[in-house]
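This report treats selected local features of one protein model. The sequence and coordinates are presented first.

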Amino acid sequence: MDIPGKVALITGAGYGIGRGIAQQLAAAGASVVVNDVHDEHGRETVARIESAGGKAAFVHADVSSEDDVRRMMSFAQETFGGLDILVNNAANKIQPPFYPYASGDAWRQTLDVCLVGTMMATQLAIKPMSERGGGAIVNVSSMAGVGFTPHDSPEYAAAKAGIMRFTATLAPLRERLNIRVNCIAPNWVATEKVRSYVPQLTAQQRADWWVPDMDEMATPEDIADAVIQLGCDDSLGGRVMLYGRRGRKWLVPVGLDLIDLSEEA
């Protein structure tokens, strides 16, 4: 897929990774629909894109609401004529208390925004993409969802693991509808939030949470470049890319056999 002239929708693009992706896609020639629940942040992303000579428009939508997601898809079609690229990046604020100490409403919100929101937007993007002959969807997961070790936020880790498995199951859409669904799972990314948060951590927390030095972390622009790589490579469908420290990324083998790697019980 060539980016110039395409229409891209990025959820949760008001700041951080989502903003970086929106700006990079616009710089590559896409018309960008910026989604967020925070109007001020979303409109700032649009202003940055437009000031750099790109095309963008903002739509307020909560990805956990089916009605909002339908309206968001219609907005992309009405504003720029269709939809070619969807980046499911939206996530709610992750803060303690976590499951099992958080209220049911709190931990379910994480699942609703991160996992259900990704599934809903993907489902509702299929029709407009099919009308344009196909498209590319990139789901943003996290290294929090990789592996079988404990995690402070079980609901977040479970949602992000679900996104990776969900992506892999949709590999047949590449042949069936010319819609390629792929996923990127970043480690720590040097967003505005992370830059202010990491200095508050103790040395023990940094060690326990595998926090790299700030200059070794990927930037939002690095993740955006990897998202564009997944979106442009027509040979990829249903694949998961792990992004570790800056410049280090891997595609998870499709034939990975956990039984072969496991101990017999």
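The sections below cover the basis of the model, a pocket, a helix pair and backbone geometry.

## Basis of the model

The model is predicted, and local features require pLDDT of at least 70, side-chain atom pairs count only at pLDDT 80 or more, and totals for chains, interfaces and linings use all residues. Residues are numbered from 1 along each chain as its sequence is written, and side-chain values rest on heavy atoms, with hydrogens and water left out.

## The second largest pocket

The second largest pocket has a volume of about 720 Å³. A pocket is defined on a 1 Å grid over the protein atoms alone, as an open set of points where a 1.4 Å probe fits, with protein on both sides within 12 Å along at least five of seven lines; lining residues have an atom within 4 Å of a point. Grid points are joined across faces, edges and corners, and the volume is the space filled by probe spheres set on the points. Of the 21 lining residues, Met164, Arg165, Val252, Leu256 and Leu258 are the closest to the pocket centre.

At least two lining residues come from each of α5 (154–169), β7 (240–243) and β8 (249–251). Helices (H or I, at least four residues) and strands (E, at least two) are DSSP runs numbered from the N terminus. Helix α5 supplies the largest share of the lining, four residues. By class, the lining holds 15 nonpolar, four polar and two charged residues; Ala, Val, Leu, Ile, Met, Phe, Trp, Tyr, Cys and Pro count as nonpolar, Asp, Glu, Lys and Arg as charged, and the others, Gly among them, as polar.

## Packing of α1 and α9

Helices α1 (residues 16–27) and α9 (residues 220–232) pack at about 55 degrees, with their axes 8 Å apart. Axes are lines fitted to C-alpha atoms over the stretch in contact, and angles run from 0 to 180 degrees between N-to-C directions. The two helices are therefore oblique to each other, a class left after angles under 35 degrees (roughly parallel), over 145 (roughly antiparallel) and 65 to 115 (roughly perpendicular).

The contact (heavy atoms within 4.5 Å) involves Gly16, Ile17, Gly20, Ile21, Gln24 and Leu25 of α1, together with Pro220, Glu221, Ile223, Ala224, Asp225, Val227 and Ile228 of α9. Eight nonpolar, three polar and two charged residues make up this contact.

## Backbone geometry

Most residues other than glycine have a negative phi, and most peptide bonds are trans. The Pro96 to Pro97 bond is cis, with omega near 0 degrees, and Pro97 lies in the loop between β4 (85–88) and α4 (104–131). Tyr99 and Pro100 are also joined by a cis peptide bond, with omega about 5 degrees; Pro100 is found in the loop between β4 and α4.

Asn178 has a positive phi, near 60 degrees, and is placed in the loop between α6 (173–177) and β6 (179–186).
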